Amino acid sequence: MFSKILVANRGEIALRIIRACREMGVRTVAVYSVPDANSAHVHLADEAVCIGNAPSSQSYLNIPSIISAAEITDVDAIHPGYGFLSENAHFAEICESCQIKFIGPSPHAIRSMGDKMAARETARKAGVPIIPGTKEAVKDKDEALKIAKKIKYPVIIKAAAGGGGRGMRVCHNEVRLVSALMTAQHEAEVAFGNGAVYIEKYLERPKHIEIQLLADNHGHMIYLHERDCSIQRRHQKLVEEAPSPAVDWKLRRKMGEMALRAAKAVGYTNAGTVEFLLNEDGQFYFIEMNTRVQVEHGITELITGIDIVKEQIRIAAGEKLSIRKQDQVPLIGHAIECRINAEDPTNNFSPSPGKIERYNAPGGPGVRVDSHAYAGYTVLPYYDSMIGKLMVHGRNRGEAIAIMQRALEEFIIEPIKTTIPIHKEIMKHPVFRRGQMFTDFIDRMQGEQRTDKDKLAAEPQEAKTK
Ligand code: ADP
């Protein structure tokens, strides 16, 4: 086992990794940017090194600075968390060349799955269903129009190097396609340094279902069932649950096996997630593979009892998976996660950074809070707006929802705006309670709320005229 790990991240995931290391008797090194000096991960780690200024490019994405910190502190391994350098194959290679273990898959696996367009092709060749669309980058508008005509509107333009819900554009007709193509290519070039875009058929009301995998270097690969991440805003996840109310054991097995197939095609090791869209007719399609630990990994831990971060560390250290047989992977009860973001849900989820004056995290049976926030902590404007994850575990979905509602009532984060109020709305919404939500759930729910408001505003008016 490693004796010291550097955590190349910040926020709740840095804490999560430091906690796993503590329990495993592994020492930790935190890295931080200048304004993060007072962050919880800096205090909890055994050592901490400042790696640069606020902008990520100068700190959490600054490879020379991070490698220097690793060398000064003499660590054996680096855990990249999620985001930042976690899916950067070049960084994984540099770690390797410096004799520092990168806790994640091989640079080859990261690279193969990092280009979403190439990953589609890998999946297709492995016999995994993909959404109809282009095999290669779309060159010009004529090619785009031809493909869209073939697969029929609506279609979605996606950046090959995209991620985090960015770089996607839905087009319902030719005019929109032509205008969107140019901007999509340009934006992809600016945002990701790679202007390649591809086109897929746009599924109108899918569910987002993903399969968590673990693979060691001894040939064992298992799936830890699915997560349902259909509740999204702007194609970014807001609520996740495991298992999915839409997946039975037959479908679970089928999707699990397809996920393993995609991962095996690139010789995958460590933790990873294969994402699918599931149509109402039960057909599912590969969309991408995330070659890192995911934000929502905790709900899978709650239903399986498997500590994914510890498994990641053990795998990287050359150990075998703690559970190696698929039929021995537990599935107990139901777990739900609400992402608590510093955002204003009533104002198109615009970021709401600032100082937290009052903070009270919920507790009690079935509640887990992973957060780096505390009273007096300032949510910085430079980074991701997520300030924590509220996870609950109940014997069944109904119980999990009840625990979540109770926990959301207890959660106090003031005076900044957070997503807590919208989570309360989601938990009581009949469509969510029936488990019948698709990726358009939030848009529909907010549409209903607007209509209700309009009605309320209209009522006194009518009364007056009467
Ligand atoms: P990212 O890498 O940016 O997260 P994904 O490819 O994983 O992008 O897609 C994110 C979300 O965008 C999906 O969960 C889904 O809601 C939506 N989406 C992506 N592709 C399609 C598609 N072909 N049809 C409908 N929705 C899609």
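Colleague: Which residue forms a salt bridge with Glu-301?
Modeller: This is a predicted model, where local features need pLDDT of at least 70, side-chain atom pairs count only at pLDDT 80 or more, and totals for chains, interfaces and linings use all residues. Residues are numbered from 1 along each chain as its sequence is written, and side-chain values use heavy atoms, with hydrogens and water left out. A salt bridge here is a side-chain nitrogen of Lys or Arg within 4 Å of a carboxyl oxygen of Asp or Glu. With closest N and O atoms 2.7 Å apart, the partner of Glu-301 is Arg-16.

Colleague: How many residues apart in sequence are the parts that Glu-301 and Arg-16 tie together?
Modeller: Glu-301 lies in helix α10 (residues 297-304) and Arg-16 in helix α1 (residues 11-24), helices being DSSP runs of H or I with at least four residues and strands runs of E with at least two, numbered from the N terminus. The pair therefore ties together parts whose separation in sequence is 285 residues.

Colleague: Which strands stand at the edges of the open sheet?
Modeller: Five strands form this sheet with parallel pairing, in the order β3-β2-β1-β4-β5, where two strands pair if DSSP finds at least two bridges between them. Each edge strand has a single partner, so one side of each is left without a neighbour in the sheet; these are β3 (47-52) and β5 (101-102).
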